[in-house]
Amino acid sequence: MFVVGTTPQKVTKVVEILPQVTYLSVNRRELENLHSHFGDKTVNVEIPRIERLPEEIVRKAVKVYTLSGVRHLIVTLGENGVLLVHKEQNGTTNVRHFPALRCERIVDVTGAGDGLAAGVIAALLSGRSISQAIVTGLEVARTVLQNGGFSQIGPHLLSPNARL
């Protein structure tokens, strides 16, 4: 199951089903609300240092990932890209940062997060790994940003063979 946060206020309403969720995609504000929902609970996981990202965001993402039970947590960070938290096959928690792709110009930010989610889902359905899928999602999000919203994007961009 792939769940995309809709608003910071509504995201905590899905907490009960999170252990059944394979992919959870949230933005920074939704991450903050989920983090607050879990309160003072602590997790014993090493927090990696990721250049260009505040340690606080990484710590909150690891805590939400660990306590929520989701298999893959995707945190969209706008111009700072995407943070992925998931378990490797050996059971260790992996935190990976994907920088945002350079945009020639930004016409409108409307739909960029939805474009990212659509690109990730399309790539996963075509058999790509989660890392490859995030890169595809970032490419679709960049196209959305540069074209003034998601309404300008055709289904051909989400095909498995798309070259963005």
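## Strand pairing around S2

Two strands count as paired if DSSP finds at least two bridges between them, and strands (E, at least two residues) and helices (H or I, at least four) are DSSP runs numbered from the N terminus. In this predicted model, local features need pLDDT of at least 70 and side-chain atom pairs count only at pLDDT 80 or more, while totals for chains, interfaces and linings use all residues. Residues are numbered from 1 along each chain as its sequence is written, and side-chain values use heavy atoms, with hydrogens and water left out.

Strand S1 (residues 2–4) pairs with S2 in the parallel sense over 3 bridges, and valine 3 stands opposite leucine 24 in S2. S2 also pairs in the parallel sense with S3, over 5 bridges; here tyrosine 23 has histidine 72 as its bridge partner in S3.

## Burial and the nonpolar cores

Because 4 of its 5 residues are buried, S2 is largely enclosed by the rest of the structure. Buried means under 20% relative accessible area, with exposed over 50% and partly exposed in between (1.4 Å probe, protein chains only).

A nonpolar core is a set of buried Ala, Val, Leu, Ile, Met, Phe, Trp, Tyr and Cys residues joined through side-chain atoms within 4.5 Å. The largest one has 25 residues, and those with the most contacts inside it include Leu24, Val26 and Leu73. Strand S2 (23–27), helix H1 (28–38), helix H2 (55–68), strand S3 (72–76) and strand S4 (82–87) each give two or more residues to this core. H2 gives the most, with 6 residues. Apart from this core lies another, of 14 residues, among them Tyr23 and Val120.

## Contacts of valine 26

Leaving aside residues up to four places away in sequence, valine 26 touches Val11, Leu31, Leu34, Leu73, Ile74, Val75 and Thr76. Contact means heavy atoms within 4.5 Å.
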